[in-house]
Amino acid sequence: MVSVIVPVFNAEKTIERCLKSLINQTLTELEIIVVNDGSTDNTVNVINSLKSDKIKLVNQENRGQGIARNNGIKLAKGDYIGFADADDSVDLNMYKSMYAAAVKYDAELVQCGIIDIRGNQSQARAADVEGLVTINDREEYAVNYFMALKHTNEVCNKLIKKTFLLDNNLQFDDTRLVFSEDLLLNIKMLSHLNRVYYINKPFYFYNISNDGHCLKGGRERLEKICTLFKAGAEYSADNIKPSVRCVACSVIWEYCAKAGNDDVCMRVLKYDFVKACMRTSMKYKATLHHRAVMGIVCVLPVKMKLKVIKYIVNNKW
């Protein structure tokens, strides 16, 4: 059985589309746990109007997506757990295909591809990996899959074995304290995974809007991103820390290029953790060209450093 957890807050315009795509799944052994995170609009009435016995609605005070997901996990009856966001939707065969692979290969995690939707445009993202990956060397997996962006930062395109989460005490952090708690969970999982199954087909439809989770408030979230990666690096096994720092460097640079607040960016670039991430990126599994560029950036004064980072990111150099 699969339990799909859907945290929701003031999503009256999108929750029906999301839940209908779950209710109509071709997998019959499926429950939908909707955790209402203190919505003040018509969300609850929309959910109740669907009248589906697959849906279990749980209400909580507004505490954020991370706590909502954790509460959903506590209630889940399925041996595998999936996650969906209230403004997204999924292919009708998503969980049947992923659950079949999970059971057949005894995978702790199954990942599918994603279709990013921006208005009328869409683009598929896939790992270009198909089949079972048996992890004998977690450092190698972190480099070849996490650093290479094959193991993605999301949880909504994944099906995770419930006992894997519980046995390793893995849960989501408080979204109010750590931005992108799904990325942090993925970082934590790297220290425990043994069997991952990849499906290239993009089953998950990820709707991105200008006021969406990942695009708004860049300058406010930049420091939370640093907190996230610092926590992830501290949690990770020693042989995985370099990969986490390299990804942190890349993500922090992206945010610095988009934040629109140079004072915040320059303050962040002075953090010891960020400096350590840049030094790691310069040395760890790096090409000669990458080492040269990072070496120059590392020694620049912070104001010039930010200008160069913006140039590199914006020109995809």
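The model is predicted: local features need pLDDT of at least 70, side-chain atom pairs count only at pLDDT 80 or more, and totals for chains, interfaces and linings use all residues. Residues are numbered from 1 along each chain as its sequence is written, and side-chain values use heavy atoms, with hydrogens and water left out.

Helix α5 spans residues 138–147. Helices (H or I, at least four residues) and strands (E, at least two) are DSSP runs, numbered from the N terminus. Tyr-141, Ala-142, Val-143, Tyr-145 and Phe-146 of this helix are buried. Buried means under 20% relative accessible area, exposed over 50%, and partly exposed in between (1.4 Å probe, protein chains only). The cover over these buried residues includes β8 (131–134), α7 (181–189), β10 (195–207) and α9 (241–258). At the N-terminal end, Asp-137 caps α5. One of its side-chain oxygens lies 3.0 Å from the backbone nitrogen of Glu-139. After the helix comes Leu-149, with a positive phi near 65°.

Most residues other than glycine have a negative phi. Asn-10 is not a glycine, yet its phi is positive, about 50°. It lies in the loop between β1 (2–8) and α1 (15–23). Asn-10 is partly exposed, at 30% relative accessibility. Lys-51 also has a positive phi of about 50°. This residue sits in the loop between α2 (43–49) and β3 (55–60). Lys-51 is exposed, at 75% relative accessibility.

Five aromatic pairs were counted. Rings of Phe, Tyr and Trp (its six-membered ring) pair if their centres lie within 6.5 Å; planes under 30 degrees apart count as stacked, over 60 as edge-to-face and the rest as tilted. Tyr-105 and Tyr-197 are stacked, because their ring centres are 4.7 Å apart and their planes are at 20°. Tyr-105 belongs to helix α4 (residues 94–105) and Tyr-197 to strand β10, so the pair ties together parts 92 residues apart in sequence. Tyr-105 is partly exposed at 27%, whereas Tyr-197 is buried at 12%. Tyr-141 has a relative accessible area of 3%, and Tyr-145 one of 17%.

The charged end of Arg-69 sits over the ring of Phe-172, 5.1 Å from its centre. Lys-188 places its charged end over the ring of Tyr-235, 5.5 Å from the centre. The criterion is NZ of Lys or CZ of Arg within 6 Å of the ring centre and within 35 degrees of the ring normal.

The structure holds eleven salt bridges. Each is a side-chain nitrogen of Lys or Arg within 4 Å of a carboxyl oxygen of Asp or Glu. Arg-125 pairs with Asp-116 at 2.7 Å, N to O. It also pairs with Glu-154 at 3.1 Å. Arg-125 lies in strand β7 (residues 121–125) and Glu-154 in the loop between α5 and β9 (158–161), so this bridge ties together parts 29 residues apart in sequence. Asp-116 is buried at 9%, and Glu-154 is buried at 17%. Arg-125 is partly exposed at 30%. In helix α9, Glu-254 and Lys-258 lie four residues apart. Their closest N and O atoms are 3.7 Å apart. A network of salt bridges links Arg-69, Asp-85 and Glu-181.

How values were computed
Contact means heavy atoms within 4.5 Å. A polar contact is a pair of N or O atoms within 3.5 Å; within protein, one must be able to donate a hydrogen and the other to accept it, and residues adjacent in sequence count only if both atoms are side-chain atoms.
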